[in-house]
Amino acid sequence: MRRTDDAPDPADARLAARLAELRAEHGWSLGELAERTGVSRSTLSRAERAEISPTASVLNRLCAVYGRTMSRLLGEVEAEPALLVRAAGQPVWEDRAAGFVRRSVSPPHAGLRGELVEGRLAAGADIAYDRPPVPGLEQHVWVLEGALEVTAQEAGHDLGAGDCLRMRVWGPTRFRCPGPDDARYVLAVVLP
């Protein structure tokens, strides 16, 4: 979410600060974090300084080493979550290069284990996660529009509008929109 004047988007700036805080809390150098995530030191450094907005894949790797879901991490950079989340107040994050838009419909909240996310993948978009942010994470993928191919546990699943895939995530996953239209889906995430 980069603004046209090259100043970091306020959400990116808050995310950058939180990423730097998490690394400091763990006592890791940039080099140690790079080894744990497989993400280059320079990318991590630029993300922590809000010079770049991390991709979905990079955020997933960071979430995995910090033991957080992506929603929880993104929720930590927002104001204290309210019980009622109006549509206009639902945080949206984009990975434009990957063709992915993520809306946190029901962000993580203290004392609750579940959250709802709306995902949009452009036709042809393909996002692969090399590991779950939290091993054993429960996910329910409900396709609202378009088609979605989901691979988990080395098994592929072709989903159309109205279909729902339920799974626990232990290893790599992949979300692909074969087209011709964009895919829109709800992802219900429940911590183990």
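Which residues do ring pairs link into a cluster? They are Y129, F175 and Y185. Please keep in mind as you read that this is a predicted model.

**Aromatic pairs**

- The count of aromatic pairs comes to four.
- One of them joins W28 and Y66, and this pair is stacked because the ring centres lie 5.7 Å apart with the planes at 15°; planes under 30 degrees apart count as stacked.
- W28 sits in the loop between α1 (10-26) and α2 (30-37), while Y66 belongs to helix α4, so their pairing ties together parts that are 38 residues apart in sequence.
- Are W28 and Y66 buried or exposed? W28 is buried, with a relative accessible area of 12%, and Y66 counts as buried at 6% relative accessibility.
- F175 and Y185 also form a stacked pair, because their ring centres are 5.9 Å apart and their planes meet at 20°.
- F175 lies in strand β9 and Y185 in strand β10, so this pair ties together parts that are ten residues apart in sequence.
- Both F175 and Y185 are buried.

**The largest cavity**

- Two cavities of 30 Å³ or more turn up in the model.
- The largest cavity holds about 290 Å³ of space.
- Its lining is made of 20 residues, and those nearest the centre are N60, M70, Y129, Q139 and L187.
- β10 gives the largest share of the lining, with three residues.
- By class, the lining of the largest cavity has twelve nonpolar, five polar and three charged residues.

**The second largest cavity**

- The second largest cavity has a volume of about 30 Å³.
- Around the second largest cavity you will find L19, L33, L44, A47, E48, L62 and Y66. Y66 is thus a lining residue here as well as the stacking partner of W28.
- At least two lining residues come from each of α3 (41-48) and α4 (56-66).
- The largest share, three residues, is supplied by α3.
- Six of the residues lining the second largest cavity are nonpolar and one is charged, with no polar residues.

- Strand β1 (residues 92-95) runs antiparallel to β2, and four bridges join the two.
- Within this pairing, W93 has R102 in β2 as its bridge partner.
- The hairpin of β1 and β2 has four residues between the strands, and in it G99 takes a positive phi near 75°.
- β2 also pairs with β3, in the antiparallel sense, over six bridges.

Definitions and conventions:
Residues are numbered from 1 along each chain as its sequence is written. This is a predicted model: local features need pLDDT of at least 70, side-chain atom pairs count only at pLDDT 80 or more; totals for chains, interfaces and linings use all residues. Side-chain values use heavy atoms; hydrogens and water are left out. On a 1 Å grid over the protein atoms alone, a cavity is a set of points where a 1.4 Å probe fits but cannot get out, and a pocket is an open set with protein on both sides within 12 Å along at least five of seven lines; lining residues have an atom within 4 Å of a point. Grid points are joined across faces, edges and corners, and a volume is the space filled by probe spheres set on the points. Ala, Val, Leu, Ile, Met, Phe, Trp, Tyr, Cys and Pro count as nonpolar, Asp, Glu, Lys and Arg as charged, and the others, Gly among them, as polar. Rings of Phe, Tyr and Trp (its six-membered ring) pair if their centres lie within 6.5 Å; planes under 30 degrees apart count as stacked, over 60 as edge-to-face and the rest as tilted. Buried means under 20% relative accessible area, exposed over 50%, partly exposed in between (1.4 Å probe, protein chains only). Two strands pair if DSSP finds at least two bridges between them.
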